[in-house]
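Visitor: I have a structure open on my screen and a few quick questions. Can we walk through it?

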Amino acid sequence: MDLAEAIKGRRSIRKYKPDSVPGETMRMLVEAVRWAPSWANTQCWEVVVVKDPKVKAELATALPKTNPALSSLTDAPVVLVLCGKKGISGFYKGQTATTKGDWLMFDTGIAIQNLCLTAYSLGLGTVVVGMFDHKKVEVILGVPQNVEVVAMTPLGYPAAEGGTPRRKEPSEFIFYEKYGGKE
Ligand SMILES: Cc1cc2nc3c(=O)[nH]c(=O)nc-3n(C[C@H](O)[C@H](O)[C@H](O)COP(=O)(O)O)c2cc1C
């Protein structure tokens with residue numbers, strides 16, 4: 001699939017078939033994460049692959065009932081939990097190198113987008129889930145103190161297409177020469 005087509009065509013999928021994901025597909029998704037760019041190539045990401053229905057159901061308890069992705073965590077055959085090792089990305093000799101602090105959110109964000117686009121190109125659905133009780137998920141998965149859970153995504157074959165939320169027009173977010181500058 002053409003990259004531009006993947007970027008434009010990928011949608012958040014919240015309804016899944018129960019069919020399992022082949023091992024070769026899982027390996028391709030791991031490669032997509034593996035080759036993401038990161039701060040000084042620090043690669044702070046870690047991914048927990050959850051297939052056990054009991055653990056998926058536990059993860060779902062960390063989402064507020066209002067989260068539209070709630071049922072997808074138990075319906076999809078796999079849930080991928082993206083974690084970041086703290087104190088590595090954005091650091092130089094143990095000190096933060098910028099005013100932004102830890103860049104783990106940024107690096108894990110790139111990694112999950114690589115994953116979501118690759119999944120889409122292989123006919124699989126994903127939806128980045130960020131609104132949940134992160135501490136609860138860290139306890140459920142036994143995540144150590146030096147690592148934080150950032151986001152999760154269900155993974156599986158779509159049972160329904162996602163809608164296409166409106167995007168801003170380029171003129172609303174592209175500026176020229178100075179902030180706010182028009183072409
Ligand atoms: C950081 C982040 C957190 C998100 N959290 C949730 C979430 O908790 N629940 C959910 O249903 N969708 C979540 N989404 C999906 C967005 O709602 C979705 O990407 C957006 O509406 C655009 O739709 P599209 O992905 O189909 O283009 C999240 C997306 C991102 C990037």
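Visitor: Is E46 buried, partly exposed or exposed?

Guide: E46 counts as partly exposed, because its relative accessibility is 31%. Buried means under 20% relative accessible area, exposed means over 50%, and partly exposed is in between, with a 1.4 Å probe and protein chains only. A word on the source: this is a predicted model, where local features need pLDDT of at least 70, side-chain atom pairs count only at pLDDT 80 or more, and totals for chains, interfaces and linings use all residues. Residues are numbered from 1 along each chain as its sequence is written, and side-chain values use heavy atoms, with hydrogens and water left out.

Visitor: Which side chain meets E46 in a salt bridge?

Guide: K85 does, at 3.8 Å, N to O. The pair links distant parts of the chain: E46 is in strand β1 and K85 in strand β2, 39 residues apart. A salt bridge here is a side-chain nitrogen of Lys or Arg within 4 Å of a carboxyl oxygen of Asp or Glu. Helices (H or I, at least four residues) and strands (E, at least two) are DSSP runs, numbered from the N terminus.

Visitor: And K85, buried or partly exposed?

Guide: K85 counts as partly exposed, at 32% relative accessibility.

Visitor: How many salt bridges by that rule?

Guide: The count comes to five. One of them joins E24 and R27, whose closest N and O atoms are 3.2 Å apart.

Visitor: What separates E24 and R27 in helix α2?

Guide: About one helical turn, because they are three residues apart in α2. E24 counts as partly exposed at 47% relative accessibility. R27 is exposed, with a relative accessible area of 51%.

Visitor: What does R166 form a salt bridge with?

Guide: With E172, and the closest N and O atoms are 3.2 Å apart. R166 is exposed, at a relative accessible area of 62%. E172 counts as partly exposed, at 40% relative accessibility.

Visitor: Switching to the sheet. What is the strand order?

Guide: The order is β1-β2-β6-β5, in an open sheet of four strands with antiparallel pairing. Two strands pair if DSSP finds at least two bridges between them.

Visitor: Which strands stand at the edges?

Guide: β1 (45–50) and β5 (125–126). Each has a single partner strand, so one side of each is left without a neighbour in the sheet.

Visitor: How many bridges join β1 to β2?

Guide: Six, and the two strands run antiparallel. W45 stands opposite G84 in β2. β2 and β6 also pair in the antiparallel sense, over eight bridges. There, K85 has V147 of β6 as its bridge partner.

Visitor: What about β5 and β6, how many bridges?

Guide: Two bridges join β5 to β6 (residues 147–156), and these strands run antiparallel. G125 stands opposite G156 in β6.

Visitor: How many residues of β2 are buried?

Guide: Seven of the eight, so β2 is largely enclosed by the rest of the structure.

Visitor: Now the core. Which residues touch the most other members of the largest nonpolar core?

Guide: L59, V81, F132, V137 and M152, out of 21 residues in that core. α3 (53–60), β2 and β6 each supply at least two residues of this core. A nonpolar core is a set of buried Ala, Val, Leu, Ile, Met, Phe, Trp, Tyr and Cys residues joined through side-chain atoms within 4.5 Å. Another core lies apart from it, with 20 residues, among them V21, L29, L80 and L155.

Visitor: What is V81 in contact with, leaving aside neighbours within four places in sequence?

Guide: The contacts of V81 include E46, V48, L59, V137 and M152. Contact means heavy atoms within 4.5 Å.

Visitor: Which strands does helix α2 lie across?

Guide: α2 (residues 23–34) lies across β1, β2 (78–85) and β6, running at about 160° to β1. Axes are lines fitted to C-alpha atoms, for helices over the stretch in contact, and angles run from 0 to 180 degrees between N-to-C directions.

Visitor: Where do α2 and α5 make their contact?

Guide: The axes of α2 and α5 (residues 104–121) come within 8 Å and cross at roughly 145°. The contact is made by M28, L29, A32 and V33 of α2 and by A111, N114, L115, T118 and A119 of α5.

Visitor: Last one. S72, buried or exposed?

Guide: S72 counts as buried, at 0% relative accessibility. S72 lies in helix α4 (residues 70–75). Leaving aside neighbours within four places in sequence, S72 is in contact with R14, Y16, V127 and P154.
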